[in-house]
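Here is a quick walk through one protein model, a few spots at a time. Keep the viewer open and follow along.

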Amino acid sequence: MDHLLAALRAVAEATRLRLVVLCARGELTVSELTQILGQSQPRVSRHLKLLCEAGLLDRFREGSWVFYRLSHSGPASTLARQLVAACDETDPTISLDLQRLNAIKRQRAEAAGTYFRENAAQWHRIRSLYVDEREVEAALVEIISTADPRDLLDIGTGTGRVLEVLAPQVQSALGIDQSREMLSIARVNLERARLDNASVRLGDMYQLAVPDASFDAVVIHQVLHYADRPATAIAEAARTLRPAGILVLVDFAPHALEWCRATGLDPGSPRRLPGDPLTVVIWTAHRPAAATSRFAQGSRQATTGELVTGEVH
């Protein structure tokens, strides 16, 4: 009751209710919200602080930027969604806010499109060397739907394509990438696909800012061949898996499975998708249903760089 009363007090003000409605439609920065509301940044920041403290909004930093979005956990998040649903989009104030929000989203899409066009040639050249990506995506959907996870993590999400494909299979999906430009593209793609259960964050695959055992499925798609410490990346991914969780690695052949075994995961049979001239391989590995000391020890060793087995080609 205390949490709900605090949330009700926090949202019982016109500007704060407008902020909740806006943040339900995407991840927005303070400057973007200031632009939409036509109010000073200090005032908007104070309102946002109250909404975050009440559990109605989530706040996360991405470099020098701070983003806000509607909370997806806790009793206040349920209240927030109910309040948003109760707000009439034809209300003059809300209607104008949404028009300005759409203008900002168009600007984002134009900026992301420019960056994509400038770099598309390199991506298309690499993709032409291996099997049709649709075949890879179909295999991923089959694997994830069979595993039936609740929360999914996509490491090295890039344009967010894996999230687009797999988010409909899970309750919550998070993509992490070290490139802010790529995350901008991913946000546009996820908003266009209306995937409210998917979000992206700036992060390092060697030091993921997520708790232990917080995901049922982790995907690393076409990332390891760029990694200088692939064993460490796999160990960090394994750390985030819940008991009975699944790790899915998609990359070019060959890769050694010693990395998975060293972190306490049980590898499955790889699936090979031959291309010209490169072959894509999909490896799966499961964390045992009961956590073991072998898992914890292996993860610590890999994270500290003690694992040197295996070679990336």
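Is S71 buried or exposed? This is a predicted model, so keep that in mind as you read. S71 has a relative accessible area of 2%, which means it counts as buried, the cut-off for that word being under 20%.

## Around S71

To find S71, go to the loop between β3 (65–70) and α5 (75–86). Leaving aside residues up to four places away in sequence, S71 touches G55, L56, L57 and D58, and also S77 and R81.

## Rings and charges

Now for the aromatics. The structure holds one aromatic pair. F60 and F67 make it up: their ring centres are 5.6 Å apart and their planes sit at 10 degrees, so the pair is stacked. Both F60 and F67 are buried.

The charged end of R201 sits over the ring of F60, 3.4 Å from its centre.

## Strands β5 and β6

Take strand β6, residues 198–202, next. Four of its five residues are buried, so the rest of the structure largely encloses β6. Its partner here is strand β5 (residues 172–177), and the two pair in the parallel sense over five bridges. If you want a landmark, A173 stands opposite A198 in β6.

How does the chain get from β5 to β6, and what is the handedness of this β-α-β crossover? The chain goes through helix α9 (residues 180–192), and the crossover is right-handed.

Helix α3 covers residues 30–37, and six of its eight residues are buried, leaving the helix mostly covered. The buried ones are V30, E32, L33, T34, I36 and L37. Note that E32 and T34 are on that list too.

## Positive phi without glycine

Most residues other than glycine have a negative phi. Two spots here are worth a look on that score. D148 has a phi near 55 degrees, a positive value, and it isn't a glycine. Q222 isn't a glycine either, and its phi is positive at about 50 degrees.

Both belong to loops. D148 is in the loop between α7 (133–147) and β4 (151–155), while Q222 is in the loop between β7 (215–221) and α10 (230–239). Which of them is buried and which is exposed? D148 has a relative accessible area of 59%, so it is exposed. Q222 comes in at 11% relative accessibility and therefore counts as buried.

## Cysteines

How many disulfides does a search of the whole structure find? The search turns up zero. C23 is in no disulfide, and the nearest cysteine sulfur to it belongs to C52.

As for solvent, C23 is buried because its relative accessible area is 2%. C52 counts as partly exposed, at 22% relative accessibility.

Notes:
Residues are numbered from 1 along each chain as its sequence is written. This is a predicted model: local features need pLDDT of at least 70, side-chain atom pairs count only at pLDDT 80 or more; totals for chains, interfaces and linings use all residues. Side-chain values use heavy atoms; hydrogens and water are left out. Buried means under 20% relative accessible area, exposed over 50%, partly exposed in between (1.4 Å probe, protein chains only). Contact means heavy atoms within 4.5 Å. Rings of Phe, Tyr and Trp (its six-membered ring) pair if their centres lie within 6.5 Å; planes under 30 degrees apart count as stacked, over 60 as edge-to-face and the rest as tilted. A charge sits over a ring if NZ of Lys or CZ of Arg is within 6 Å of the ring centre and within 35 degrees of the ring normal. Two strands pair if DSSP finds at least two bridges between them. A crossover is right-handed if, with the strands pointing away from the viewer, the path from the first strand over the helix to the second runs clockwise. A disulfide is a pair of cysteine sulfur atoms within 2.5 Å.
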